Amino acid sequence: MLPVRSPLPRAVLTRLETGRLVVLSVVLGVLVGVLCVPLRLGLDALLRLSSVVTGYSPPGTPGEGGLLMAFGAALPWGLLALPLAGAAYAWLVPGETGDPLAQLVRGYHARGQWPGPVAQVRTLAGTLLGYAGGLLVGRDAPFTMVGQLGAWVLRRATRLDAVEVRALTLAGAAAGLGAVLHAPLAAAVLVAEVLYRRFEFEVEVLMPCVLASVAAYAVYGVAFGFTPLFSVQALQVPSASQLPGVAGVALAVALAGWASLFACRLLPGAWTTGPRRIVLGGVFGALTAALALWSTPAVLGDGAGWVQLGASGFLGEEGIVAGAWRWGLLALGARLAFGGGVLPSVGVGGLLGAGLGSLLGVDVAVCALVGAVAFLTTTLNVPVAAALLAVAWGGDAMLPTALLAAGLAHLVSGESGLLPGQARSRAASPVHAATGLSLLPEGVRFVARRAPDGAGTPGTPLDAPSTAEDGGLPPLASDRELYRRGVPASWRGARLSVLSLPPGVEVVGVVREGTVRLPRPELRLTADDELVFLARPEAYAALEGVLRLPG
């Protein structure tokens with residue numbers, strides 16, 4: 001009996017198989033979890049070194065290094081290191097792409113054109129230096145960067161197509177966030193949700209993000225335990241008498257977050273490029289040092305530890321003042337990539353919520369989490385993820401209250417956000433704007449009409465169809481199609497002139513670093529290149545058959 005063959009091309013069948021992506025997501029999660037272990041140890045060592053220099057250590061959280069410690073008093077001479085740290089951070093972190101979370105969002109919408117490994121390592125160094133120095137850089141920032149680097153390592157070890165690279169890079173970031181936030185499911189939803197300003201999701205990348213995040217947290221938790229990031233007593237659903245106060249806290253914090261979106265735009269964009277950005281980074285560090293010396297050292301760090309103190313009732317109404325200082329730093333530093341990520345927004349919102357809850361006589365632990373949800377929703381456009389984070393940190397009883405706070409905040413903020421790379425919707429993203437054939441893999445693009453051979457450059461599309469009315473001939477339909485494929489392992493390092501192609505197949509372009517280059521004979525192919533073929537379907541099928549043969 002002859003085997004029954006599917007009418008779909010083999011490339012389509014391959015893309016419909018999810019088993020490979022499932023395995024790669026789990027492997028990536030384990031890899032990122034392993035990488036996060038030395039990152040956590042190194043970060044703790046840097047914090048101890050920083051406390052020796054500045055004489056002060058911000059409070060930690062129970063899930064990330066403890067809280068019961070002597071905070072100390074900020075040393076005037078030690079704080080002089082902050083301007084240097086701010087200038088170094090501005091120099092190391094690329095101004096055009098921003099902090100790690102901003103890089104993730106912007107690179108995804110640029111069809112997977114993330115910064116190279118050298119730029120990513122520089123960003124990692126900048127985030128480590130900024131956080132260890134006490135600047136407004138979240139502890140989650142280096143973990144997000146390590147997740148992206150883990151995806152790059154997997155890409156070097158395994159041949160991935162363009163769709164898999166984009167999905168796994170997002171999954172790597174979700175794995176890093178899931179580990180440091182101690183909330184793997186919430187981190188996966190956050191990465192899928194943060195890409196757009198409108199209430200839309202990348203559902204197709206949610207599964208890789210969940211698998212990678214859960215696997216990474218399993219490895220990370222084995223090394224450091226599974227304590228929640230914030231330690232709160234068993235929270236209860238607010239009573240009917242407390243509900244207006246909780247809603248008022250959510251609304252007030254959301255308005256504060258909405259105001260910060262406008263305040264951060266006061267700094268002209270021309271000032272945030274070139275040498276002026278480095279100077280402004282030093283000014284930001286000097287301002288942080290001045291506030292730590294003459295006002296309160298609570299402005300040092302990302303604020304997560306102070307949220308823990310506020311939720312425990314130790315700050316009272318002073319939480320409003322501490323949150324206001326941090327709100328000002330966020331508004332001033334956002335254009336310079338300070339304050340990006342998740343935990344700085346959690347710190348501002350949590351402190352404001354705890355202070356307002358103490359002022360209104362409402363449960364401060366509930367209000368701290370409500371404030372964190374509202375501010376995070378406003379600044380990053382992640383209402384569902386923000387609510388899930390509150391549930392992961394405060395228990396299932398927080399779910400209705402967190403959803404209420406996220407809904408109010410999203411209603412107030414609309415489509416504004418701190419991440420300039422966010423697309424308004426899926427339709428506005430270049431990733432989803434090109435092809436209407438959803439079953440086809442990302443690497444294949446069909447062109448309906450092409451210029452006939454001998455009429456201009458072969459393979460270039462006609463600008464407009466010619467008709468008999470304007471004196472021309474009807475357009476000739478060509479049966480050749482464009483295919484985009486990664487460079488096979490056997491072709492890496494070879495010149496285009498030595499490639500052996502079947503009859504009817506020609507290379508019309510080489511995609512390198514996001515740009516299409518002419519196929520010059522002396523051009524050497526690299527592992528990161530992609531080839532654009534012009535061929536008839538049967539000729540390209542013959543080429544694929546040759547390339548799939550075992551070496």
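This is a predicted model: local features need pLDDT of at least 70, side-chain atom pairs count only at pLDDT 80 or more; totals for chains, interfaces and linings use all residues.
Student: At what angle do α13 and α14 pack?
Tutor: Helices here are DSSP runs (H or I, at least four residues), numbered from the N terminus. Look at residues 318-333 for α13 and 343-360 for α14, whose axes lie 7 Å apart. Axes are lines fitted to C-alpha atoms over the stretch in contact, and angles run from 0 to 180 degrees between N-to-C directions. On that scale the angle is about 155°.

Student: Which orientation does that make, and why?
Tutor: Angles over 145 degrees count as roughly antiparallel, under 35 as roughly parallel, 65 to 115 as roughly perpendicular and the rest as oblique. The angle is about 155°, so α13 is, relative to α14, roughly antiparallel.

Student: How many charged residues does the contact of α13 with α14 have?
Tutor: Contact means heavy atoms within 4.5 Å. Residues including Gly319, Arg326 and Trp327 of α13 and Leu352 and Leu356 of α14 make it. Ala, Val, Leu, Ile, Met, Phe, Trp, Tyr, Cys and Pro count as nonpolar, Asp, Glu, Lys and Arg as charged, and the others, Gly among them, as polar. By class there are ten nonpolar and three polar residues, and the charged count is one.

Student: How are α10 and α14 oriented to each other?
Tutor: Helix α10 covers residues 243-263, and its axis is 10 Å from that of α14. The angle between them is about 140°. α10 and α14 are therefore oblique.

Student: How many charged residues are in the contact of α10 with α14?
Tutor: On the α10 side you'll find Gly245, Val249, Ala252, Val253 and Ala256, and α14 brings residues including Gly349, Gly353 and Leu360. The classes split into seven nonpolar and four polar, and the charged count is none.

Student: Which helix gives the largest share of the lining of the largest cavity?
Tutor: On a 1 Å grid over the protein atoms alone, a cavity is a set of points where a 1.4 Å probe fits but cannot get out, and lining residues have an atom within 4 Å of a point. The largest cavity holds about 30 Å³, and its lining has eight nonpolar residues, with no polar or charged ones. Both α15 (364-380) and α16 (383-394) supply at least two lining residues. The largest share, four residues, is from α16.

Student: And which element gives the most to the lining of the second largest pocket?
Tutor: A pocket is an open set with protein on both sides within 12 Å along at least five of seven lines. The second largest pocket has about 710 Å³ of space and 31 lining residues, with Gly112, Gln113, Trp114, Arg155 and Asp528 nearest its centre. Ten of the lining residues are nonpolar, nine polar and twelve charged. With five residues, the top contributor is α7.

Notes: Residues are numbered from 1 along each chain as its sequence is written. Side-chain values use heavy atoms; hydrogens and water are left out. Grid points are joined across faces, edges and corners, and a volume is the space filled by probe spheres set on the points.
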